[in-house]
Amino acid sequence: MNQRARIAMSDDDVTAFLEGSRKLQLATINPDGMPHLVTMFYGMDEGRIAFWTYAKAQKARNLARDPRVSCLVETGEDYGELRGVLVYGRAEPVTGREGVLAIGMKIARRMTPGVPDELLRPYVEKTGLKRVAYVVERSKVVSWDHRRLT
């Protein structure tokens, strides 16, 4: 078995890793073709990465023009600890205010574990007025867990 196959995560491991993390690196494509890379808090929606942003943000403008994205979630400091999932796909807009707020609540819960929904909802409703939300439809997933090399 080659090293790439040895370190690849199973589908269940990928799901658990994405469910257990809170931040990702989101890459969109600027008008000049250069990557635009930002760190985002995210949630999960029916197994899909979900995120929101202000409607006037560069990433939202990029996605309106070209919905292709790369999403990287990774952890580990030393080589033998490195674990990560790279999701390639298309960011599909979530329609309707209720849909946007639902994504906002998923993200807020992960950002502030243990805080009751009734305390999160006012923040989500206020900031949600100027936000758009997306779910990532995957086209390819690459994963690695270097702990498997030992």
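This is a predicted model: local features need pLDDT of at least 70, side-chain atom pairs count only at pLDDT 80 or more; totals for chains, interfaces and linings use all residues.
Which residues line the largest pocket?

The lining is made of Phe 17, Ser 21, Arg 22, Lys 23, Leu 24, Gln 25, Thr 39, Leu 72, Val 73, Glu 74, Thr 75 and Arg 83. The space inside the largest pocket comes to about 190 Å³. By class, its lining holds 4 nonpolar, 4 polar and 4 charged residues. Two strands, E1 (23-29) and E5 (68-75), each give at least two residues to that lining. E5 gives the most, with 4 residues.

Now the core. The largest nonpolar core counts 22 residues. Leu 18, Leu 24, Leu 26, Ile 49, Phe 51 and Cys 71 have the most contacts inside it. Who contributes to this core? At least two residues each come from H2, E1, strand E2 (35-41), E4, helix H3 (58-65), E5, strand E6 (83-93) and strand E7 (131-145). Apart from this core lies another one, of 13 residues, including Ala 50, Ile 103, Met 105 and Val 124.

Take Ile 49 as an example. Set aside its neighbours within four places in sequence. Ile 49 is then in contact with Leu 18, Leu 24, Tyr 42, Gly 43, Met 44, Cys 71, Val 87, Tyr 134, Val 135 and Val 136.

Next, a loop residue. Is Asn 30 buried or exposed? Asn 30 sits in the loop between E1 and E2. Its relative accessible area is 17%, and buried means under 20%, so Asn 30 is buried. Its side chain makes a polar contact of 3.5 Å with the side chain of Gln 58. A second polar contact, at 3.0 Å, links the side chains of Asn 30 and Asn 62. Beyond four places in sequence, the contacts of Asn 30 include Pro 35, His 36 and Arg 65.

Now look at Glu 46. Find the loop between strand E3 (43-45) and strand E4 (48-54); Glu 46 is there. Its relative accessible area is 72%, and the cut-off for exposed is over 50%, so Glu 46 is exposed. What about its backbone? Glu 46 has a positive phi of about 50°, although it is not a glycine. Most residues other than glycine have a negative phi.

Last stop, Gly 20. This glycine lies in helix H2 (residues 11-20). Gly 20 counts as exposed because its relative accessibility is 64%. Along the chain, Gly 20 and Gly 128 are 108 residues apart.

Over to you for questions.

Methods. Residues are numbered from 1 along each chain as its sequence is written. Side-chain values use heavy atoms; hydrogens and water are left out. Buried means under 20% relative accessible area, exposed over 50%, partly exposed in between (1.4 Å probe, protein chains only). On a 1 Å grid over the protein atoms alone, a cavity is a set of points where a 1.4 Å probe fits but cannot get out, and a pocket is an open set with protein on both sides within 12 Å along at least five of seven lines; lining residues have an atom within 4 Å of a point. Grid points are joined across faces, edges and corners, and a volume is the space filled by probe spheres set on the points. Ala, Val, Leu, Ile, Met, Phe, Trp, Tyr, Cys and Pro count as nonpolar, Asp, Glu, Lys and Arg as charged, and the others, Gly among them, as polar. A nonpolar core is a set of buried Ala, Val, Leu, Ile, Met, Phe, Trp, Tyr and Cys residues joined through side-chain atoms within 4.5 Å. Contact means heavy atoms within 4.5 Å. A polar contact is a pair of N or O atoms within 3.5 Å; within protein, one must be able to donate a hydrogen and the other to accept it, and residues adjacent in sequence count only if both atoms are side-chain atoms.
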